[in-house]
Amino acid sequence: MNQADSASGKSKSAILRWASGLTIMALAALSAWLYSPDKPRDLLETPYPGEYRIIESVRLRLRDTGPRNAPAIVLLHGFGSSLDTWEPWAKALSARYRVIRFDLPGFGMTGPDPKNDYSDERAVRIIAGLLDQLAIKRAHIIGNSLGGRIAWTFAASQPERTARLVLISPDGFASPGFEYGKAPEIPLIMQALPYVTPRSMLKANLAAAYARPEKLSEATLGRYHDMMLAPGVRRAILARMNQTVLRDPKPTLARITAPTLLLWGDKDGMIPVSNAADYLAQLPRATLVHLPGLGHVPFEEDPAKSLQPVQTFLAQETP
């Protein structure tokens, strides 16, 4: 190698080192710019009120509205959400029912489970414990998505406490990337969730739950973002994802005796309405109601339209 080649090689190496250094600096600056620390709890408790009860060592944030002697309803939210998602439904239903909703462990102002157990079985014990504390023997159970899976698990294991069951786009059957008996592969980028949660990225993810993304208001987006930044929630979300192992739901669904309403937006882009056939095959007492033009969270996208079939179903005489 002559001197010119040697000088050229050294120059290229220096340029590469310089470029690498700039890249590292740029990534560090970008990370610092996007860094999203948890919000202090005291800043969230005023805009997101609720009462708190210790159930199974978990400090649950809940809302309990409506007449105390009325038939009870338990509302179970989906992944990444909170009890606030039910606000329009809860206001309407509280005129006739006692409505209980709470932040599932790992989400919202309930925050992380001190036992780091995000299994459906633990969720069932927490629901039962809450009903015990509230002196409620039997309730209608309503759940969406992840909350739907917990709802049907509860109905199967606690049939004497389940009056009627409403499943809104419930989770539970295998789908691409979620096989039975295997923990899902968590994308590497998700490991950054506890540190980086830009509002714009959250908006893109939430918009997919709406048939009409323009219906996602800035207030709703702000609430989801605040709940993601509640203390410890993002780490709890990763823990839940790592613990989630789907099991074939057929044996569990076969134990459900409660009359069941399946409510599904026909534009659901997260859990397609075609999955309803799997549930109908296992639930002989189930009825399916399609919601035309609605997505995965119809109670947010069009509260009045989506609530009407639920009110009709709940008003029927329960055996």
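Q: Which residues in H4 meet residues in H5?
A: Contact means heavy atoms within 4.5 Å. In H4, Asp120, Ala123, Val124, Ile127, Ala128 and Leu131 meet Arg149, Ile150, Thr153, Phe154 and Ser157 in H5. By class, this contact of H4 with H5 has seven nonpolar, two polar and two charged residues; Ala, Val, Leu, Ile, Met, Phe, Trp, Tyr, Cys and Pro count as nonpolar, Asp, Glu, Lys and Arg as charged, and the others, Gly among them, as polar. Helices (H or I, at least four residues) are DSSP runs numbered from the N terminus. This is a predicted model, in which local features need pLDDT of at least 70, side-chain atom pairs count only at pLDDT 80 or more, and totals for chains, interfaces and linings use all residues. Residues are numbered from 1 along each chain as its sequence is written, and side-chain values use heavy atoms, with hydrogens and water left out.

Q: At what angle do H4 and H5 pack?
A: Two packed helices are described by the angle between their axes and the distance between the axes. Axes are lines fitted to C-alpha atoms, for helices over the stretch in contact, and angles run from 0 to 180 degrees between N-to-C directions. H4 and H5 pack at about 70 degrees, with axes 9 Å apart. They are therefore roughly perpendicular to each other, a term for angles of 65 to 115 degrees. Their crossing is right-handed, that is, the near helix is turned clockwise from the far one by less than a right angle.

Q: How do the axes of helix H6 and helix H7 cross?
A: The axes of H6 (residues 199-207) and H7 (residues 218-228) come within 10 Å and cross at roughly 115 degrees. H6 and H7 are therefore roughly perpendicular to each other, and H6 passes H7 in a right-handed crossing. Arg199, Leu202, Lys203 and Leu206 of H6 make the contact with Glu218, Leu221, Gly222, Tyr224, His225 and Met228 of H7. These residues divide into five nonpolar, two polar and three charged.

Q: How many cavities of 30 Å³ or more are there?
A: On a 1 Å grid over the protein atoms alone, a cavity is a set of points where a 1.4 Å probe fits but cannot get out; lining residues have an atom within 4 Å of a point. Grid points are joined across faces, edges and corners, and a volume is the space filled by probe spheres set on the points. The count comes to one cavity of 30 Å³ or more. About 50 Å³ of space lies in the largest cavity.

Q: Which helix gives the most to the lining of the largest cavity?
A: Helix H4 (residues 120-133) does, with three residues. The lining residues include Arg122, Ala123 and Ile126. By class, the lining has six nonpolar, one polar and four charged residues.

Methods
On a 1 Å grid over the protein atoms alone, a cavity is a set of points where a 1.4 Å probe fits but cannot get out, and a pocket is an open set with protein on both sides within 12 Å along at least five of seven lines; lining residues have an atom within 4 Å of a point. Helices (H or I, at least four residues) and strands (E, at least two) are DSSP runs, numbered from the N terminus. Angles under 35 degrees count as roughly parallel, over 145 as roughly antiparallel, 65 to 115 as roughly perpendicular and the rest as oblique.
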